[in-house]
Amino acid sequence: MNGKAFLALLARDAHVARRNLIPLLFQTFLQPLLFVFIFGRVMVGSGYLPATYKSLLLPGIMAISMVFTGIWAVAMPLIGEFQFTREIEDDYLRPLISLGSPWKKWSRD
Amino acid sequence: MDSAIRTRDLRKVYNAQPPAAAGRSDSQDQSRRKKESKPQIIALDGIDLDVAPGQIFGLLGPNGAGKSTTVGILTTRVRPTSGTAWIGPHDVWRDQTAAKRLIGVVAQRPNLDFSLTAREILLFHGAYFGLNSQERSERAKVLLERFKLTDRADQLVRGFSGGMMQRVSLARAMMHDPQVLFLDEPGAGLDPQTRLLLWEIIRDYNQKGRTVLLTTHNMEEADALCQQLAIIDHGKIIAAGSPRELKASIPGGFLLRLRFAERPDSLIDGLGKLSGVTEVRPSGDTGVDVYAGRGGSLIPEVVNTAAGCGVELSDVHISEPSLENLFLHHTGRSLRE
């Protein structure tokens with residue numbers, strides 16, 4: 001494991017996140033906010049659900065946000081790297097760590 | 001460290017379709033694939049290469065010859081089925097990280113980080129390879145200048161044209177000053193001007209004592225740029241040497257591709273007896289390839305011979321000594337077929 005290269009990769013991700021801050025915030029917070037609004041406010045307020053439902057809602061929203069944010073943050077860039085930019089080829093050439101060759105299995109293009 | 005790049009009996013068999021970057025889609029390969037019931041494709045069949053440090057080495061071959069697979073193995077991206085490859089003292093499969101530090105790679109198609117600007121791509125690439133920030137910004141500036149990218153250095157590469165992306169890729173590969181630079185078809189898709197700029201940059205880089213390995217199917221490029229060449233077809237090296245040596249090895253030098261209305265045996269005998277002719281080969285249905293020491297001055301005699309046999313000459317093509325003829329001589333097919 002090469003610490004310097006790893007830190008550089010982190011710095012790159014931080015840099016890109018800062019540049020795309022607003023879309024990133026939307027992507028992360030829009031869904032939980034909408035869920036809270038629909039289930040916590042509209043459904044409970046109009047009497048479809050009991051008021052105690054709000055306390056059940058919190059852990060559910062937290063769990064679903066974590067799962068979806070994780071999937072989006074990992075899968076979306078990976079899809080891009082494999083399909084459009086083909087950047088994975090270059091990622092693999094960074095002197096970071098030898099993983100065996102994931103390339104062999106992945107390379108179906 | 002005797003050689004910069006060395007391979008011994010390198011073989012690669014794909015059990016399924018190889019990556020499209022290897023470009024195996026020509027009709028000949030498809031028909032071959034149909035004949036074998038198993039979908040096994042032999043991409044490399046025992047490649048032995050020795051590239052001395054400080055050389056520009058060219059791998060020349062048609063689509064699907066195994067050029068990209070060779071580069072893939074040498075750059076640790078493809079696992080060889082058998083055989084070994086070394087970059088300097090490092091076995092590229094056993095010692096991947098060390099090998100990766102010594103190489104810079106330009107892939108056939110640009111694979112840039114679309115979230116970054118051209119300058120940032122260079123800066124971060126330098127950082128991955130452990131350059132300090134001062135070195136990074138200096139080198140990035142020099143390279144952007146060199147590749148004529150300065151005016152768009154701070155725009156996202158997403159909007160760049162193909163040629164510009166190719167230039168950024170090359171600049172990125174040179175950023176960490178690798179000992180060995182791999183270029184997979186660097187001239188593809190560039191306009192003539194950019195290609196000349198590219199050649200100049202590659203030569204300059206080579207002047208610093210760095211090794212360059214490039215693949216191409218462009219004869220002109222191979223001839224202009226490479227000090228050593230290996231001609232590769234169907235996963236085998238069929239000829240190797242300097243461009244001059246290779247050209248000298250073509251019998252006769254000139255190649256006359258003739259086509260007749262029909263081709264009796266007496267015609268081939270007759271053509272073989274003409275002075276200056278070194279080799280006569282039938283090609284296609286009614287064609288004849290004549291390798292000879294002279295070109296146009298042979299035509300009247302060819303016409304006379306044909307008339308003597310009672311056949312009419314329908315087409316003539318004379319090519320001067322070139323790598324294209326060499327390829328044709330070794331494989332019996334032209335590069336573009």
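View 1. The model shown is predicted. Domain 1 of chain B covers residues 5–247. Domain 2 of chain B covers residues 251–320. For the complex, the predictor reports an ipTM of 0.78 and a pTM of 0.76.

**View 2. Helices α10 and α11 of chain B pack with their axes 9 Å apart.** Helix α10(B) spans residues 265–273, and helix α11(B) spans residues 299–309. The angle between them is about 150°. Angles over 145 degrees count as roughly antiparallel, so α10(B) is roughly antiparallel to α11(B). Their crossing is right-handed.

**View 3. Residues from both helices make the α10(B)–α11(B) contact.** From α10(B) come B:S266, B:L267, B:G270 and B:L271. From α11(B) come B:V302, B:T305, B:A306, B:G308 and B:C309. Five of these contact residues are nonpolar and four are polar. None is charged.

**View 4. Helices α1 and α5 of chain B mark the two ends of the confidence range among the chain's elements.** Helix α1(B), residues 27–35, has the lowest mean pLDDT, at 50. Helix α5(B), residues 133–146, has the highest, at 94. Chain B as a whole averages a pLDDT of 83. In chain B, 90% of the residues score at least 70.

View 5. Where pLDDT is low, predicted coordinates should not be read in detail.

Notes
Residues numbered from 1 in each chain as written. Chains lettered and ligands numbered in written order. Predicted model: local features only at pLDDT ≥ 70, side-chain atom pairs only at ≥ 80, totals over all residues. pLDDT = per-residue confidence, 0-100. Helix = DSSP H or I, 4+ residues; strand = E, 2+ residues; numbered from the N terminus. Domains from an automatic or database assignment. Axes fitted to C-alpha atoms, helices over the stretch in contact; angles between N-to-C directions. Parallel < 35°, antiparallel > 145°, perpendicular 65-115°, else oblique. Left-handed = near helix turned anticlockwise from the far one by under 90°. Contact = placed C-beta atoms within 7 Å. Nonpolar A, V, L, I, M, F, W, Y, C, P; charged D, E, K, R; others polar.
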